[in-house]
Amino acid sequence: MSQKNRIEGGQINRDVPLNFTFDGRRYTGHAGDTLASALLANGVRLMGRSFKYHRPRGPMTAGSEEPNALVQLRSGALQEPNTRATTAELFDGLSATSQNRLGTLSFDLLAVNDRLSNFLTAGFYYKTFMWPKAFWEKLYEPVIRRAAGLGSLSLEDDPDVYDKGFLHCDLLVIGAGPAGLMAALTAARSGADVILADEDFAMGGRLNSETLSVGEVSGADWAAGTVAELAAMPNVRLMPRTTVIGAFDHGIYGAVERVGDHLAVPQAGKPRQILWRIYTKKTVLAAGAIERPIAFANNDRPGVMTASALRSYANRFGVAVDRRAVIFVNNDDGYRSAEDLHAKGIRVTVVDPRPDVSVLKDYEVLSGAQVIDTMGRLGLTFVKVRLADGSERTIECGALGTSGGWNPNVHLTCHQRGRPRWDDRLAAFVPADLPTGMHVAGAAAGDLSTAGALAGGQRAAQDALALDGSMPPLPEAEDAPVNIMPFWYVKGGERAWLDQQNDVTVKDVRLSHQEGFRSVEHLKRYTTLGMATDQGKTANMGGLAIMAELAGKAIPEVGTTIFRPPYTPVAIGALAGRHRGAEFHPKRLTPSHAWAEEQGAVFVEAGNWMRAQYFPRTGEQSWLETVNREVLATRNSVGVCDVTTLGKVDVQGADAADFLNMIYCNGFAKLAVGKVRYGLMLREDGIAFDDGTAARLAEDHFVVTTTTANALPVYRHMEFVRQCLVPDMDVQLISTTEAWAQYAVAGPNARRVLEQIVDQGISNETFPFMACGNVTICGGLRARLFRISFSGELAYEIAVPTAYGDALMRRIMEAGAAFDITPYGTEALGVMRIEKGHATGNELNGTTTAANLGMGRMVSTKKDSIGAVLSRREGLNTPDDLRAVGVKPVDPTQRVPAGAHLMAAEGPVDATQDQGYLTSACYSPNLGHHIALAFLKDGASRIGETMRVVSPLTDEVVDVEICSPHFIDPEGERLRA
Amino acid sequence: MIIDHPLLGPRDSSEFTYLGDARLIDRPDPDGGDAAAAFYQYAYLRDNPAGWHRELWFHEAGDRSWLVVTRNTLTHEISKVELASDVARAQGRSK
């Protein structure tokens, strides 16, 4: 099909034809087209179906404010829903499809909703689908979701790459229209570092869409010349296709650069989009203005758009939406559209509700007239006009432009609580409270003339950068005054659309008012006015004006809703950047990771760490079989486990012991050099925070360990105590978690293994339980040895500088070969600590006290420590407080589910009968049945009691016996062996 | 936000971890007569002002300084940034 609506002129490159498809049909456009302009050139006005009523819709604008022409681009994994055809840059091979339809775009079965519109008014869903309750999930919601909504996701991984970046500058200029270009030029000539960002692919803003001249040349040529001058300056970064989406605190702006959206395939090595964080000292906002429509009955037919959009399509893209156009205006700027279209040979009639407007034009002007209705099933065919004398006239035309005045783009001025100010002269809101460092220029500031924009841009840059001296004279440009009569909607037409994306009509606003939703925020939420992806850029003002009229208030008294980032929709991929899939967060590998991989370990994420979970061997049928083997091998001979991930904090200084006394609830001052002690940290509210060990390597030197999960919070807390509570203590802290590789060697043969590695003697006499010290290994390598045990076996933890971690693990495996040393992972570690009754994060769960954990007596009363005072308060010390206990099933073949609750052996089962809960559970291969740790009310005096474990989640009820949490070696003989 | 670190100059707030009211520096005397009540106040009853607020920030991805940042919670304006250890000493904290 030929481009039947293509006319002369425009900034498209007719030498570069671009082939594309829409709903499978092939079309041709040109370089410089948007998808919308190319479709219009081909006579296609129908581009989508509306959200709720499935009304046929076409583009209403030629920019990013577009509510209607949302389409799906590309296919397969690259499918991108809800893209505005008015901003999608055409490329060769582009495939686009319409969305939100059942059937074809011209025969949408869900258009039946439009017939039901009397029922589907604002608040319909709130009122109708209340009952029966069960119907919501199964019937109403799926049906509504099918019928409403826009495009669909491919549900495949997005193959594109997105990135994030940081930029710094002296001046950020947002918008490259006449004001923005002049601001950037002024700043750049002064030597400042300037970033000029514009959402369009062609810089120049409205100058590209106008026939006005700037100085001696056309506006578009002046813009191109200025862009070329800026591009040649080393202190300027031009960023076309870049939308500044938010103004954040302290001069930080967010911007999305569409690097590859306009290409069939992004360039090799380049991302599709970049989310920039721009740090700037000053900002000039030159975001322009958006023309707003006038509402009247059936004002949503394809072919009805803003007058300035008709003008853009004609001037910039060389497209006549139709050869016959009506322009409905309430202000003088609308006549510019009429003149431009007329000059292009389009037959124009202007409908102006203002009485007595000048009729000395080359085209027809109907003064005192209003558009009252339109016709045309899939696109505009007739416009019905009520003339000044009350008679009606029908005009056959395919394009209707409405011009209700221009709204300065105040969006970014409001991202930090700023509220705009009403300007009667423009009948629009203009910027008032600005974010620190922001200056506004041009149409965004309410200076709607080209001369005003050029002057405003120059002045804003001058003010922002405090530039002295006289400025070069500005080129001459039009300086027409604004002449507008506020006129928001034509009375009588109830199905007059305000928010075309969310299908909100004048009638809906009335209904909202009638039902008492009268504040602007209530109006928005009740009718969904302005809540669509276009944020009501073309809709909100009309809604506010009607609300004000109904309430008998002035528009500024009604106020506006809050403008929030992002300015236009942002792809989730751009927000995620490279943080997705395996790169969602950093991955930390232990020093033995490569070795563990060689052993075929299965890994588990522990925070950012990858830890070996278990080491399956050929022939093993399940993870449990593997874990049981690892546990039994460790308890019967010797096992080795990488415990590097535990947090390590080096504490040094003359007051180091006093410092530890402060952070641990138990005493450390008297800990001898060469000894390790278990320590429990409380939060200031008396709840247990973390536990670990502190090893005293010298009078003034301790090494503290934390749990893996709390390594960071504990270190932060220790620094808080040091800097904020005891600033004069002679103590220094440093995290050494990554500096040392640390392995637990556990089991009756642990000493025999380490004796082959450690250069010094480590007999039970010279290196007893809870000993620690600096040693050397393998003939001289410095190492640290701790005789501590999490498994309950004779055990050591040995640490070497991380670079030697891999070698040490291999050496330990060699030395242990004679004892069939077995590597074990976090699962076996967990089983052994449950068998031994040791607490971990499951027990130190942020709600439990030292007393709950059975360690109440550890909280020293002889010294101050964090949390000591509040741990003694009455509410945490009642007779039936929870106590840590062990749980085993009466029938040893039954399992006990973690997270289940303890109830009396007889009687009702409900939340009021709750006696406690299970925190950790596992199968104990040593005991041959399941075991669990639990908190039970007054648990310490209930050992031997029979109870029920109830798990409504897994639908299990198990009879259990309460027992000591120390299932294995309660006397600790193995530890000391 | 940008926090003007007294030692390192302006740094992005993403380098910091937030804790809360700088009155956490004023830990009560555990041996005082009303220690339980004072700690209850200290741990639970802090103000949450809409406006100027002195608060503790930790330069976790930086030099590990605790800072006292005077920030307007309505506007995010920052009027003062101090080292928390200096503030603590000035308030009489020592060992």
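Modeller: Begin with a cut-off: a residue counts as buried when its relative accessible area is under 20%. Keep in mind that this is a predicted model.

Colleague: Is A:L167 buried or exposed?

Modeller: A:L167 has a relative accessible area of 10%, so this residue is buried. A:L167 belongs to strand 8 of chain A, residues 162-174.

Colleague: Which residues is A:L167 in contact with, leaving aside neighbours within four places in sequence?

Modeller: Among them are A:I195, A:W276 and A:Y279.

Colleague: How should I think about groups of buried residues?

Modeller: In soluble globular proteins, nonpolar side chains tend to be buried together. Here the largest nonpolar core has 48 residues, and A:F22 and A:Y313 are among those with the most contacts inside it. Helix 1 of chain A gives the most to this core, six residues. Apart from it lies another core, of 44 residues, which includes A:I663 and B:Y42.

Colleague: And how do I read a pair of helices?

Modeller: Two packed helices are described by the angle between their axes and the distance between the axes. In chain A, helix 5 (residues 178-189) packs with helix 9 (residues 450-465) at an angle of about 35°, and their axes are 7 Å apart. The crossing of helix 5 and helix 9 of chain A is right-handed.

Colleague: Which residues make that contact?

Modeller: Helix 5 of chain A contributes residues including A:M182 and A:T186, and helix 9 of chain A contributes residues including A:L454 and A:G457. The residues of this contact divide into nine nonpolar, four polar and no charged.

How values were computed:
Residues numbered from 1 in each chain as written. Chains lettered and ligands numbered in written order. Predicted model: local features only at pLDDT ≥ 70, side-chain atom pairs only at ≥ 80, totals over all residues. Heavy atoms only, no water. Helix = DSSP H or I, 4+ residues; strand = E, 2+ residues; numbered from the N terminus. Buried < 20%, exposed > 50% of the residue type's maximum accessible area, 1.4 Å probe, protein only. Contact = heavy atoms within 4.5 Å. Core = buried A, V, L, I, M, F, W, Y, C linked by side-chain atoms within 4.5 Å. Axes fitted to C-alpha atoms, helices over the stretch in contact; angles between N-to-C directions. Left-handed = near helix turned anticlockwise from the far one by under 90°. Nonpolar A, V, L, I, M, F, W, Y, C, P; charged D, E, K, R; others polar.
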